[in-house]
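These are my notes from one sitting with the model.

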Amino acid sequence: MLELMQQIINGLSLGAIYALIALGYTMVYGIIKLINFAHGEVMMVGAYVGFFSISVFGSHIIVAMIFAMLACGILGVIIEKIAYRPLRGATRIAALITAIGVSLFLQYTTVFFLTPQQRIFPQAAFTSQEYIIAGLSISNKDIFIFICAVTLMTILQYIIRRTKTGKAMRAVSLDRDAAVLMGISVDRTISITFAIGSSLAAAAGIMVGIYYSTINPLMGIIPGLKAFVAAVLGGIGIVPGAMVGGFLIGILETLVSGYGNSLYRDAVVFGVLIVILLVKPTGMFGKNDSEKV
Amino acid sequence: MRISKKVSLVVLMMFMLSILAIGCGDTSSTGDGEKDKAGVSDKADVIKVGINAELTGAVASYGTNARDGALLAIEHINAEGGVLGQELKAIVRDCKSIPDEAMSVSASLADEGIVAQIGPLTSGNVAGSTPMVMENQIPLIAPAATADDITLERDGSAKDFIFRVCYSDSFQGKIMADFAADNLGVKNVAIYKDASSDYAQGLADYFTETFTAKGGKIIIEEGFVKGDRDFRGTLTKIRGADPDFIYIPGYYEEVAPLIKQARELGIKAPLGGPDGWDSPDLVGVVGADNLNETYFTNHYSIEDENPKVIDFVERYREKYNKDPDAFAALGYDAVLLLARGIEDAGEVDPVKIQQALEKVTNFEGVTGTMDIDKQHNPVKGVVIIESIDGKQTMNTRIQP
């Protein structure tokens, strides 16, 4: 029982990271029906921005996180402007292939300028401390990551539900043409969506840095793919679905390693993707309207 | 105009003929002989040594350090008058930690006329490079490739042109099992291995074989794959089994976060590993406190009191302003072994050097005194490194 609780704690931290990345996938999909495969790489860039702002400017971890979120927000807007906007009228597959291209571009540009070697995320930025509570070991990193993730998700929910921008985002996602007729600037709304999604990914990147201690230019691939599975599991395009999906995938992974065979962990996660696509392609929170997928 | 053109044509033809004559190698004529001699002697004075190393990519820290060690050895040899009166010249190429790349690097080095190749570092990359050096009949001295089969053909005989200066995995796994059973006195052991690498798989097998033969028990065996960063799930499971010791064969990129997470989960058992742990990143990621009570088998220790080691460490520090790790020492030894081979051969010919290398005995390197056996492996001791407050210290040296 104790071990199970420990595994769930392990899974929650991992899940929080997946959930933050999954949010970006889902928001972008919800609004322009594009699976932005470059999203994992935006997370990687965020981790590097955080790395340099801590190691070069000696900034506090929170400052570094805000800085990385701003930088990646801008990066997201630029990616959308240069790579996706010209293809808005084109087929979906064209945009998808472009997304993969952007992903490779970001990976290898980073490799070119920063070498493929891993870097140690500055340990001094976050003094880790372990607590043993009723036999469970919890570190302040777990708590920090969980609180950060929940706070960011709450802010996101507030933006989407309670602000004018959020209303515009929901409107564009529901029916773009009608939104234009209502006087909503579609371009601006899409840009904001990319900015928000990318900055959440940047926050996740910093968390990966803190949690796993090392960063490298290819670190975005696997978490990016798993977050994508999380987004599909929750119902792609649906914001609460991405959060729940992220946590579920995180917990599932640790349970498979803990009670099954750790080598099947990735296979199980991607197996979930296949099962979901076969059984309920709209995901757990998806309404069964055939138009969506 | 026409005449001058004709004259220049004649001159050109004469020039081409003279080049042909030089090509035949028998030029005792004066005049252009001067120029020619300079050209030939330039070639003969230098022995080209190819260094094919992982300067970028996953195991870049191995490759760069081994290269530094090799270059230091070359500098040292040249300062003492070279080999057979000729200077060694290094041609350094990056194989990017990719086996295919290691092969094409070997091809281009062969084109440049090297007499022997030092590197690559990992077994996989050496295996990539092997067909090319075998085809060109150039001896390859692997500084740190520990897989048993890299020097062996399928039938168990040695691959003619492949040598190494490090011990093999079977030996390394056995020594760690001996150390765990005899020196640490542990009984119940967990193995958490990099299941995606032959290296770690081999080590785990050899460890298990020796350890169970000594009456110990492997109570749990788990695996991770290259690129994994989250080990908490499996570690929690291992914690539940409560082992006295955990053997973690793998490379530092995964092992470093793994050890960190193990300690964070409150696993206090001593941990052991192979030479793949040897990187400054290990203490950088894990932290000095958490790395206490970890042991790994290695090729040499910076603390060794052997005068050869002390001299090497001093010169390395002076040149590079950092401490040499085992890869630097092995790179250094690989060049020294090559120099010994060339000297024993008595002439700069790759095939002769190969024959001489096969017969090397009592070669004194920084990583120990060794004989080259029939399978082209060195017979030498193993050092057990213990980390104490972030410092690598030599726990013991085990002779075969």
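**Helix packing in chain A**

I began with helix 9 (residues 221-234) of chain A and helix 11 of chain A, whose axes come within 10 Å and cross at roughly 35°. Axes here are lines fitted to C-alpha atoms, for helices over the stretch in contact, and angles run from 0 to 180 degrees between N-to-C directions. Helices (H or I, at least four residues) and strands (E, at least two) are DSSP runs, numbered from the N terminus.

I noted that this is a predicted model, in which local features need pLDDT of at least 70 and side-chain atom pairs count only at pLDDT 80 or more, while totals for chains, interfaces and linings use all residues. Residues are numbered from 1 along each chain as its sequence is written, and chains are lettered from A and ligands numbered from 1 in the order in which they are written.

I looked up the hand of the crossing of helix 9 of chain A and helix 11 of chain A, and it is left-handed. The term means that the near helix is turned anticlockwise from the far one by less than a right angle; clockwise would be right-handed. From helix 9 of chain A, Lys226(A), Val229(A), Val232(A) and Leu233(A) meet Val269(A), Phe270(A), Val272(A), Leu273(A) and Ile276(A) of helix 11 of chain A. I count residues as in contact if their C-beta atoms, placed from the backbone, lie within 7 Å. By class, this contact has eight nonpolar, no polar and one charged residues. The classes are nonpolar for Ala, Val, Leu, Ile, Met, Phe, Trp, Tyr, Cys and Pro, charged for Asp, Glu, Lys and Arg, and polar for the others, Gly among them.

I then took helix 10 (residues 239-259) of chain A against helix 11 (residues 265-279) of chain A; the axes come within 9 Å and cross at roughly 140°. That makes helix 10 of chain A oblique to helix 11 of chain A. Angles under 35 degrees count as roughly parallel, over 145 as roughly antiparallel, 65 to 115 as roughly perpendicular, and the rest as oblique. The crossing of helix 10 of chain A and helix 11 of chain A is right-handed. Ile249(A), Leu252(A), Glu253(A), Val256(A) and Ser257(A) of helix 10 of chain A make the contact with Arg265(A), Val268(A) and Val269(A) of helix 11 of chain A. I sorted the residues of this contact into five nonpolar, one polar and two charged.

**Chain A and chain B**

I listed 11 helices and four strands for chain A, and 13 helices and 15 strands for chain B. Of the 293 residues of chain A, 52% count as buried, and buried residues make up 52% of the 400 residues in chain B. Buried means 20 or more other C-beta atoms within 10 Å of the residue's own, exposed means 12 or fewer, and partly exposed is in between, with C-beta atoms placed from the backbone.

I next asked how many residues each chain gives to the contact. Chain B gives 28 residues and chain A gives 25. On the side of chain B that touches chain A, the elements giving two or more residues are strand 7 (217-224), helix 8 (232-241), helix 9 (252-264) and helix 10 (280-286) of chain B. Helix 8 of chain B has the largest share of that side, six residues. The residues of that side of chain B divide into eight nonpolar, 11 polar and nine charged.

**Two residues in chain B**

I found Ile385(B) in strand 14 (residues 382-388) of chain B. Ile385(B) counts as buried, with 26 C-beta neighbours inside 10 Å. Not counting residues up to four places away in sequence, Ile385(B) touches Tyr295(B), Phe296(B), Asn298(B), Ser301(B), Gln392(B), Met394(B) and Asn395(B).

I found Thr367(B) in the loop between strand 11 (363-365) and strand 12 (368-372) of chain B. Thr367(B) is buried, with 30 other C-beta atoms within 10 Å. Thr367(B) and Val382(B) are 15 residues apart in sequence, and their C-alpha atoms are 8.8 Å apart.

**Backbone angles**

Most residues other than glycine have a negative phi, and most peptide bonds are trans. I noted Lys33(A), with a positive phi near 55°, in the loop between helix 1 (2-32) and helix 2 (39-55) of chain A. Lys33(A) is partly exposed, with 15 other C-beta atoms within 10 Å. His376(B) has a positive phi of about 65°, and His376(B) is buried, with 22 other C-beta atoms within 10 Å. The peptide bond from Gly119(B) to Pro120(B) is cis, with omega near -5°.
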